[in-house]
Amino acid sequence: MTAPKIFRPDLNDPTRPKRGLTEQDLAEKATVYRPDLLDGQTLLITGGGSGMGKAAAFLAVRLGANVAICGRDVEKLERTRDVIAKETGKEIFIQTTTIRDPEAVEELIGSVHDKFGGINTVVNNAGGQFPQDAIDFTRKGWLAVIDTNLNGTWWMMQEAAKRWRTDGKPGNIINIVANVERGMPQAAHTCAARAGVIYLSKTLATEWAPFNIRINCIGPGVIETEGFAMYPEEALARFHQANPMKMRGDAWDVAEAIAYFASPAARFINGDLMILDGGQAQWGVIWPGGMPDYFNEGGAA
Ligand SMILES: CCCCCCCCC/C=C/C(=O)SCCNC(=O)CCNC(=O)[C@H](O)C(C)(C)COP(=O)(O)OP(=O)(O)OC[C@H]1O[C@@H](n2cnc3c(N)ncnc32)[C@H](O)[C@@H]1OP(=O)(O)O
Ligand SMILES: NC(=O)C1=CN([C@@H]2O[C@H](COP(=O)(O)OP(=O)(O)OC[C@H]3O[C@@H](n4cnc5c(N)ncnc54)[C@H](OP(=O)(O)O)[C@@H]3O)[C@@H](O)[C@H]2O)C=CC1
């Protein structure tokens with residue numbers, strides 16, 4: 001029997017390059033939006049302590065919004081709160097929460113609601129996966145990825161919607177998913193979960209329209225963030241070859257798309273999926289754990 005291929009990253013390995021935008025970038029990067037675009041709006045962003053979530057938090061604050069973030073690691077949340085305060089003078093709200101726990105999610109939505117008097121937009125960005133051939137997934141590994149990406153996103157959506165219904169206020173949900181149209185070899189667990197979120201969103205965009213709740217998804221392709229640490233260097237060297245532009249996006253690309261969906265410019269967009277991937281969906285497949293010989297030119301037919 002062949003042993004399963006496993007890449008278990010050492011997230012503290014000092015030999016691996018630091019990836020993603022710096023905090024200075026997030027504080028200074030130019031934006032296409034006017035500075036008061038999100039004045040008075042409240043955004044709750046899950047997974048806001050790193051990567052795209054942190055960039056979205058920074059941008060939303062810079063555009064005038066009240067921002068709350070959550071994640072499992074309190075240090076990342078505190079660091080994000082402190083640097084945003086230092087760079088913008090504005091205090092964001094943080095709460096340690098795993099989105100996998102529906103009671104913790106209920107508490108989170110309640111606290112943010114009480115703190116700011118309501119929530120305008122929920123950004124379900126928290127998530128992730130590990131690269132592995134599906135045939136070797138352990139039960140625990142499969143469940144961890146489904147629970148985080150599908151169940152966790154659902155708990156957030158349902159709890160926010162209940163609040164909006166009770167308050168009689170409009171709501172807006174932005175779900176960060178992935179590029180799943182052509183499947184995702186070696187990421188089948190996340191592909192299943194993200195496809196679930198996309199069709200959950202399309203369904204609820206209709207079912208929750210009477211409550212004035214809109215729901216849209218953003219499907220990023222290869223976006224260079226701290227999250228790249230989950231993948232081996234050999235895979236990272238190939239990721240961007242899977243889009244015809246042969247480049248990586250950055251967290252600001254996604255943050256600006258989130259700001260657009262949070263703004264009045266998107267008021268008539270509902271149940272949609274925006275793909276932000278340099279064209280990868282039409283062209284390439286990533287194979288984060290390495291492409292099997294079978295698919296190489298000259299490999300077994
Ligand atoms: C979208 C793009 C797609 C991939 C395609 C390429 C995409 C392009 C670019 C990048 C896309 C990104 O999403 S970058 C963003 C990446 N960021 C993240 O993934 C951050 C969040 N991720 C996580 O927290 C974890 O990976 C996740 C498994 C989802 C949840 O972790 P938990 O802490 O709950 O669980 P753990 O205790 O760590 O693990 C639970 C079990 O999962 C399995 N497991 C965990 N890590 C494992 C590993 N490396 N290899 C095998 N199996 C593993 C084991 O069975 C574990 O049990 P034990 O054996 O008992 O331990
Ligand atoms: N980078 C890319 O190329 C792509 C990324 N994506 C997805 O985009 C999203 C953002 O990724 P990115 O910024 O790159 O990577 P990061 O790893 O930086 O971000 C993921 C965030 O999710 C949080 N998180 C994970 N699990 C939970 C949980 N159970 N409860 C609460 N928070 C959680 C993490 O915080 P903490 O560890 O503190 O809990 C972290 O801040 C993820 O869903 C990712 O899978 C999709 C396609 C491509």
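I began with the sheet: seven strands form an open sheet in the order β3-β2-β1-β4-β5-β6-β9, and the pairing is parallel. β3 (93-96) and β9 (273-276) stand at the edges with a single partner strand each, so one side of each has no neighbour in the sheet. On average, neighbouring strands of this sheet are turned by 15 degrees against each other, direction ignored.

Ground rules next. This is a predicted model, in which local features need pLDDT of at least 70, side-chain atom pairs count only at pLDDT 80 or more, and totals for chains, interfaces and linings use all residues. Residues are numbered from 1 along each chain as its sequence is written, while chains are lettered from A and ligands numbered from 1 in the order in which they are written.

My terms for strands and helices: helices (H or I, at least four residues) and strands (E, at least two) are DSSP runs, numbered from the N terminus. Two strands pair if DSSP finds at least two bridges between them.

**Entry: one strand pair**

I looked at β4 (residues 121-124) and β5 (residues 171-176). They pair in the parallel sense over four bridges. Which residue of β5 is the bridge partner of threonine 121? I found asparagine 172.

**Entry: a helix on the sheet**

I then followed helix α6 (residues 188-207). Helix α6 lies across β5, β6 (213-220) and β9, and runs at about 155 degrees to β6. Angles here run from 0 to 180 degrees between N-to-C directions, and axes are lines fitted to C-alpha atoms, for helices over the stretch in contact.

**Entry: α5 with α6**

I checked the partner helix of α6. The axes of α5 and α6 come within 8 Å and cross at roughly 15 degrees. From α5, the contact includes Trp142, Val145, Ile146 and Trp154. From α6, Ala192, Val197, Leu200 and Leu204 are among the residues in contact (C-beta atoms, placed from the backbone, within 7 Å). The residues of this contact divide into eleven nonpolar, five polar and one charged. For the classes, Ala, Val, Leu, Ile, Met, Phe, Trp, Tyr, Cys and Pro count as nonpolar, Asp, Glu, Lys and Arg as charged, and the others, Gly among them, as polar.

**Entry: α4 with α5**

I turned to helix α4 (residues 102-116). The axes of α4 and α5 come within 9 Å and cross at roughly 40 degrees. That makes α4 oblique to α5. α4 passes α5 in a right-handed crossing. Pro102, Val105, Glu106, Ile109 and His113 in α4 meet Trp155, Met156, Glu159, Ala160 and Arg163 in α5. By class I have six nonpolar, one polar and three charged residues in the contact of α4 with α5.

**Entry: α2 with α3**

I looked up α2 and helix α3 (residues 74-88). Their axes are 11 Å apart, and the packing angle is about 30 degrees. That makes α2 roughly parallel to α3. The crossing of α2 and α3 is right-handed. Lys54, Ala57, Phe58, Val61 and Arg62 of α2 make the contact with Thr80, Ile84 and Thr88 of α3.

**Entry: the ligands**

Which residues come nearest to ligand 1? Of the 24 residues around ligand 1 (C-beta atom, placed from the backbone, within 6 Å), I noted Gly128, Phe130, Gly141, Ala187 and Gly227. Helix α5 (residues 139-167) gives the most to this shell, with five residues. By class, the shell around ligand 1 has 14 nonpolar, eight polar and two charged residues.

For ligand 2 I have 30 residues around it, with Gly47, Gly51, Gly71, Gly127 and Gly227 nearest. α2 (51-62), β2 (66-71) and α5 each supply at least two residues of that shell. α2 gives the most, with three residues. The shell around ligand 2 divides into nine nonpolar, 16 polar and five charged residues.

Conventions
Parallel < 35°, antiparallel > 145°, perpendicular 65-115°, else oblique. Left-handed = near helix turned anticlockwise from the far one by under 90°. Contact = placed C-beta atoms within 7 Å.
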